[in-house]
Amino acid sequence: MGANQPPPFENVNLFTSDLPLREAVSRAGVDAKDLAAFGAEYGSAETMELGRLANENPPRLRAFEPNGERADRVEFHPAWHALMRKSMTAGLHDSTGDVVERAARLYMATQIEAGHICPLTMTGAAGAALKAAPEILDAWRPYTTARDYDGAFRPWFTKKSATLGMGMTERQSGTDVRATITEARPINGHYEITGHKWFLSAPMSDGFLVLAQAPGGLTCFLLPRFRPDRSVNGLRLQRLKDKLGNRSNASAEVEFIGAYAERVGAEGEGVRTILNMVQLTRLDCAIAAAGQMRFGLALAVHHARHRLVFGRPLIEQPLMRAVLADLALSSEANTALVFRLARAHASPLDGAYARLMTPAVKYRVTKMAPAFIYETLECLGGNGYAEDFPIARLYREAPLNAIWEGSGNVMALDVLRVLRKGDSGVIDTLAGACGAPGKAAADEIRRLASGEDAEAHARITAERLARLGALAALHEANGALAEAYATRGARGTWGACDLGATQGLVRDRMVAL
Ligand SMILES: Cc1cc2nc3c(=O)[nH]c(=O)nc-3n(C[C@H](O)[C@H](O)[C@H](O)COP(=O)(O)OP(=O)(O)OC[C@H]3O[C@@H](n4cnc5c(N)ncnc54)[C@H](O)[C@@H]3O)c2cc1C
């Protein structure tokens, strides 16, 4: 420590060093042995280096071949392929297994490299939409659940495995997908799609679930990169987005020129069909945001342990302790909440919780990430602002999970929509777990959701509901933390509160870090 610079944060076991995560998976009865091996592998210096390389060498569009013919391919750095291989071997793209175990892996993997999670999430979630076309699902599933990554540009049915993307957003319409103008024409038992998408992430996927206007209305389709006769499908990559973060991943603007596609679900049922997929991608957004915040916290604690200021490690300075403890309390709440939501997605009996809480949790947890990660970045002082450390990249990534798969207001309005249909007793159950503060929160949520200004107040409703969910999840995890969370309230910046004796408890729970 000669220069008073902390050692690199690497070769850390992301599972065994994370007590809230370990407790969350244990509440779900998941075996921790494999997760500990996963945590060691992803926290290794080698995997972290892959994350750095994949982001410092972003993908490039190869629109044309040297002879002027269309190529429409994206070229990735070998580090991207290595990360895809590693995460597909670990089954991150396969949502047919244990939901909570996969959530734990996702929570850890996104800490080290967030960009490659996008195609894995979409591949896993696509199965929920494809249930509307069982014959397509049966044909693709052996490929989309295979663990052997195959990045070759070849027809999916000739590969060892396949990944799937999703195309909804157009130039004129993102949130309002009913305004889609891309058209689908039925022809000889399939459809030909003509139009465009303004955002199409992971454009080297083997197929895409897309929305297009069929004669019977807005419809969901599976559009493969290659036609059944093995010729390249009519999909032109116009350019790649130059993005704030998420640099390792490619997001393309694309045109469809009479592209071959197969219908998924009935004509006119497109939104309903694809929403089954989006419910799952929203869960992943929340899990990823919680994981990213945990990594920011870990980096901040590491710095504070090793950096001396005024002759004492930062971690021993009362005000820094207050900031870190408060951040850790928020992180505990987020982790307990997203894993409670993952458990709900695992059980059909918990369907009402999943319906109501998925948009609420996505709203609050993803929205907290930029401010939270900024605060952890500041704990590193000037180092936090330098690209030499992973936290700058984490900060640029942070806003994304709130934007895609339904931005903040859309999530808040979705909460309102579900509440208006009836919450099936979920709010009462949550309130019952939280004592007096729970009752007050439940009353307020109902009043807000039924008030004249319900739409204008939808963010307050979503916020209150997610906080109630977090409090209930914390009660299940640790009563003392729940009390501190309830007392701390929602106001003020991190550290601008007195956690009293709980500060010691939170600190003790960070010891393994
Ligand atoms: C890096 C990246 C990758 C992406 N990849 C994909 C992809 O692979 N596939 C895909 O289909 N899309 C993708 N998207 C697009 C993304 O899903 C959309 O940008 C997002 O859903 C918002 O749509 P929009 O950009 O059209 O914003 P708009 O619909 O114009 O919304 C703008 C704002 O208005 C708010 N708003 C909307 N309706 C209301 C309302 N009724 N009341 C109040 N406020 C409202 C929204 O919350 C939002 O904050 C990607 C985006 C990014 C940034």
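**Reading a ligand shell and a few buried residues**

Colleague: Which ligand atom is 2.5 Å from an N or O atom in the side chain of Thr 175?

Modeller: That's an oxygen atom of the ligand. We call such a pair a polar contact: N or O atoms within 3.5 Å, and within protein one must be able to donate a hydrogen and the other to accept it, while residues adjacent in sequence count only if both atoms are side-chain atoms. Before we go on: this is a predicted model, where local features need pLDDT of at least 70 and side-chain atom pairs pLDDT 80 or more, while totals for chains, interfaces and linings use all residues. Residues are numbered from 1 along each chain as its sequence is written, and side-chain values use heavy atoms, without hydrogens and water.

Colleague: Which polar side-chain atom lies 2.8 Å from a nitrogen atom of the ligand?

Modeller: One belonging to Ser 201. On its own the ligand exposes 970 Å², and the protein buries 65% of that. Those areas come from the Shrake-Rupley method with a 1.4 Å probe; for residues, only the protein chains shown count as cover.

Colleague: Which elements give two or more residues to the shell around the ligand?

Modeller: Helices (H or I, at least four residues) and strands (E, at least two) are DSSP runs, numbered from the N terminus. Here look for strand S3 (164-167), strand S5 (190-201), helix H12 (400-403) and helix H13 (408-421). There are 19 residues around the ligand, and Met 166, Met 168, Thr 169, Thr 175 and Ser 201 come nearest. To be near, a residue needs a heavy atom within 4 Å.

Colleague: Is Met 166 buried or exposed?

Modeller: Buried means under 20% relative accessible area, exposed over 50%, and partly exposed in between, with a 1.4 Å probe and protein chains only. Met 166 sits in strand S3 and has 10% relative accessibility, so it counts as buried. Beyond its neighbours within four places in sequence, Met 166 contacts residues including Met 122, Leu 200, Phe 208 and Ile 274.

Colleague: What does Ala 202 touch?

Modeller: Not counting residues up to four places away in sequence, Ala 202 touches Pro 119, Met 122, Phe 208, Asn 249 and Ala 250. You'll find Ala 202 in the loop between S5 and strand S6 (207-214), buried with a relative accessible area of 5%. Distance along the chain isn't the whole story here: Ala 202 and His 116 are 86 residues apart, yet their C-alpha atoms are separated by 8.6 Å.

Colleague: Where does Trp 80 lie?

Modeller: In helix H4. Trp 80 is buried at 5% relative accessible area, and its contacts, leaving aside neighbours within four places, include Ala 54, His 116 and Tyr 149.

Colleague: How many residues does helix H3 have?

Modeller: Twelve, residues 45-56, and H3 reaches 16 Å from first C-alpha to last, close to the 16 Å expected at 1.5 Å a residue. The expected span is 1.5 Å times one less than the number of residues. The buried residues in H3 are Ala 45, Thr 47, Met 48, Leu 50, Gly 51, Ala 54 and Asn 55. They pack against several helices, among them H2 (33-42), H4 (78-89) and H8 (270-306).

Notes
Contact means heavy atoms within 4.5 Å.
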